[in-house]
Amino acid sequence: MGFRVGILAASDRGARKEREHTSAQVIRELVEEELMGTIVEFRIVPDEKQEIMAALIEMTDYYEANLVITTGGIGLKPRDVTPEATLEVVERLAPGFAEAIRSAMIAANLPEALCMRGISGLRGQSLILNLPADPKGVHESMKAVMGYLPTALNQLEGRESGDEGEGASF
């Protein structure tokens with residue numbers, strides 16, 4: 001069974017159609033080719049906390065996405081509010097993914113690595129990941145977590161992710 005994935009781009013210029021969202025295309029390609037996932041919803045919203053929250057809730061609750069990946073709005077600029085919006089809708093944090101993403105950005109010598117405030121968390125049976133807006137940053141981030149996503153998504157669905165012995169579950 002393939003995973004259902006939502007992509008949310010937070011961008012004022014993208015929402016006004018002044019900019020093409022190449023980062024979302026990078027996510028789409030990696031999800032479809034490497035995760036064998038299906039994109040159930042793609043949306044571009046302005047950097048407004050309420051709009052980001054509404055889109056995340058709709059993707060997780062209505063579209064029942066197993067995974068929602070955001071791109072943009074996680075830096076230090078005043079309008080970068082994606083982490084705050086995500087914190088409002090998640091029920092539990094899943095910090096390992098955000099830590100891996102930041103580590104990958106540092107390893108790739110991307111200058112914005114330490115300015116990234118992205119988080120990762122759970123809403124129901126959905127995992128939400130905040131990624132940067134830059135296509136290279138998105139690619140490095142996705143490479144860092146791609147191999148771990150099936151295990152996490154299977155756990156969220158209540159499926160066994162392998163032949164783990166008693167006590168191996170967290």
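Threonine 70 is buried, with a relative accessible area of 1%, in a model that is predicted.

**Exercise 1.** Where does threonine 70 lie, and which side chain does a polar contact join to the side chain of threonine 70?

*Solution.* Begin with the element: threonine 70 belongs to strand S3, which covers residues 67-71. Next take its burial, where the relative accessible area of 1% is to be set against the cut-off of under 20% for buried residues. Then turn to the side chain, which a polar contact of 2.9 Å links to the side chain of asparagine 130. Finally, leaving aside residues up to four places away in sequence, the residues touched by threonine 70 include Leu8, Leu56 and Thr82 as well as Ile128, Leu129, Asn130 and Leu131.

**Exercise 2.** Which strands pair with S6, and in what sense, parallel or antiparallel?

*Solution.* Start with S3, which runs parallel to S6 and is joined to S6 by five bridges; within this pairing, isoleucine 69 has leucine 129 of S6 as its bridge partner. Continue with strand S5, residues 120-123, which pairs with S6 in the antiparallel sense over four bridges, and here glycine 121 has isoleucine 128 of S6 as its partner. The hairpin of S5 and S6 has two residues between the strands, and in this hairpin glycine 124 takes a positive phi near 60°.

**Exercise 3.** Why can strand S6 be described as largely enclosed by the rest of the structure?

*Solution.* First consider the count: six of the six residues of S6, residues 126-131, are buried, and therefore the strand is largely enclosed by the rest of the structure.

**Exercise 4.** How many aromatic pairs does the structure hold?

*Solution.* There is one aromatic pair. The rings of tyrosine 62 and tyrosine 63 have centres 4.9 Å apart, and because their planes meet at 90°, the pair is edge-to-face. Tyrosine 62 is itself exposed, with a relative accessible area of 62%.

Notes. Residues are numbered from 1 along each chain as its sequence is written. This is a predicted model: local features need pLDDT of at least 70, side-chain atom pairs count only at pLDDT 80 or more; totals for chains, interfaces and linings use all residues. Side-chain values use heavy atoms; hydrogens and water are left out. Buried means under 20% relative accessible area, exposed over 50%, partly exposed in between (1.4 Å probe, protein chains only). A polar contact is a pair of N or O atoms within 3.5 Å; within protein, one must be able to donate a hydrogen and the other to accept it, and residues adjacent in sequence count only if both atoms are side-chain atoms. Contact means heavy atoms within 4.5 Å. Rings of Phe, Tyr and Trp (its six-membered ring) pair if their centres lie within 6.5 Å; planes under 30 degrees apart count as stacked, over 60 as edge-to-face and the rest as tilted. Two strands pair if DSSP finds at least two bridges between them.
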